[in-house]
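Please read it beside the sequence and the structure shown here.

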Amino acid sequence: VRLIRHSGAAAMHIEDAAPPKRNPFVPGQVMLPRHLAVTRVAAAVEARGDSDFVIIARSDADCISVDEVIERCNLYLKAGADVAMPVTARINGTPMGSLPVDEQLEWHRHIVSRIEGPVLGMAVPPGKAPQDMLECGYAIMIVPTLTILPAAQAMWKALLAASPNLARQPGEIANPGDLLYRLGIQEFMDRQERHIAREKGELGQ
């Protein structure tokens, strides 16, 4: 935390996902126990000192349930985080993106209304803009895939048109998970799991 603050950054995210890390759109996430995640946030708050460096507590506990991600965000705010960041890739096991847009907005309003502090969001439903999400109650919006996904989709369509061998592949890149699978993340995860299993075997676990 101190190194990042001294480098000139204004803020940093503290996450509650346990290694090996997974993108929210990729299955297999494992969460830290609540008490360890709270301790991580509290340690970051203590390490920053009296500066105006902002601690953003991110929770990927949507992989468990909506209630879990909300409750964790509130715990992290009580531990001293300045902003909560609930990941909303899944709604009680259902991919958020599979829901009608109006229902997605209702879930965003519901989640933000139950978090007792400023909330950062990064999900913008199709046809909506960051301003619409601010109107749902978010204090801050980031849009990390605003340009990446449309560009990747355009390139993928060009490749499909140019190569008959790709015709059997899915044609849409609708979310970061789709993009990651196109880039071969499954092969990476399989290799990672083999190395983890080998390490456990060598350590006698």
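Glu-106 lies in helix H4, where helices (H or I, at least four residues) and strands (E, at least two) are DSSP runs numbered from the N terminus. The model is a predicted one, in which local features need pLDDT of at least 70 and side-chain atom pairs count only at pLDDT 80 or more, while totals for chains, interfaces and linings use all residues. Residues are numbered from 1 along each chain as its sequence is written, and side-chain values use heavy atoms, with hydrogens and water left out.

**Glu-106**

- Glu-106 is partly exposed, with a relative accessible area of 48%; buried means under 20% relative accessible area, exposed over 50%, and partly exposed in between (1.4 Å probe, protein chains only).
- The side chain of Glu-106 makes a polar contact with the side chain of Arg-109 at 2.6 Å, a polar contact being a pair of N or O atoms within 3.5 Å, of which, within protein, one must be able to donate a hydrogen and the other to accept it, and residues adjacent in sequence count only if both atoms are side-chain atoms.
- From C-alpha to C-alpha, Glu-106 and Ala-43 are 34 Å apart in space, and they are 63 residues apart in sequence.

**Overall architecture**

- The protein has eight helices and nine strands, and its C-alpha trace spans about 60 × 55 × 35 Å along the principal axes.
- Of the 205 residues of the protein, 35% count as buried.
- Among contacts (heavy atoms within 4.5 Å) between residues at least 6 apart in sequence, 61% join residues at least 24 apart.

**Helix H2**

- Helix H2 (residues 34-48) has 15 residues and reaches 22 Å from its first C-alpha to its last, close to the 21 Å expected at 1.5 Å a residue, the expected span being 1.5 Å times one less than the number of residues.
- Ala-37, Val-41, Ala-44, Val-45, Ala-47 and Arg-48 are the buried residues of H2, and what covers them includes helix H1 (2-6), strand S1 (11-15), strand S4 (54-59) and H3.
- Just after H2, Gly-49 takes a positive phi of about 70 degrees.

- H3 has 13 residues and reaches 19 Å from its first C-alpha to its last, close to the 18 Å expected at 1.5 Å a residue.
- At the start of H3, a side-chain oxygen of Ser-65 reaches to within 3.0 Å of the backbone nitrogen of Glu-68, and just after the helix Gly-80 takes a positive phi of about 115 degrees.
- The buried residues of H3, among them Val-69, Ile-70, Arg-72 and Cys-73, pack against strand S3 (30-31), H2, S4, strand S5 (83-86), strand S6 (90-91) and helix H4 (101-114).
- Arg-72, placed in helix H3 (residues 66-78), counts as buried because its relative accessibility is 3%.
- The side chain of Arg-72 makes a polar contact with the side chain of Asp-16 at 3.4 Å.
- Leaving aside its neighbours within four places in sequence, Arg-72 is in contact with Asp-16, Met-31, Leu-32, Pro-33, Arg-34, Ala-37, Ser-59 and Ala-61.

**Two loop residues**

- Arg-22 lies in the loop between strand S2 (17-18) and S3 and is buried, with a relative accessible area of 12%.
- Apart from its neighbours within four places in sequence, Arg-22 is in contact with Pro-27, Gly-28, Gln-29, Met-189, Gln-192 and Glu-193.
- Asn-92, in the loop between S6 and strand S7 (94-95), has a positive phi of about 50 degrees although it is not a glycine, and Asn-92 is partly exposed, with a relative accessible area of 45%.

**The largest pocket and Ala-174**

- The largest pocket has a volume of about 1000 Å³, and of the 39 residues that line it, the closest to its centre are Phe-25, Leu-149, Ala-174, Asn-175 and Pro-176.
- On a 1 Å grid over the protein atoms alone, a pocket is an open set of points where a 1.4 Å probe fits, with protein on both sides within 12 Å along at least five of seven lines, and lining residues have an atom within 4 Å of a point; a volume is the space filled by probe spheres set on the points, which are joined across faces, edges and corners.
- By class, the lining has 26 nonpolar, 10 polar and three charged residues, where Ala, Val, Leu, Ile, Met, Phe, Trp, Tyr, Cys and Pro count as nonpolar, Asp, Glu, Lys and Arg as charged, and the others, Gly among them, as polar.
- Ala-174 is placed in the loop between H6 and helix H7 (176-182) and counts as partly exposed at 45% relative accessibility.
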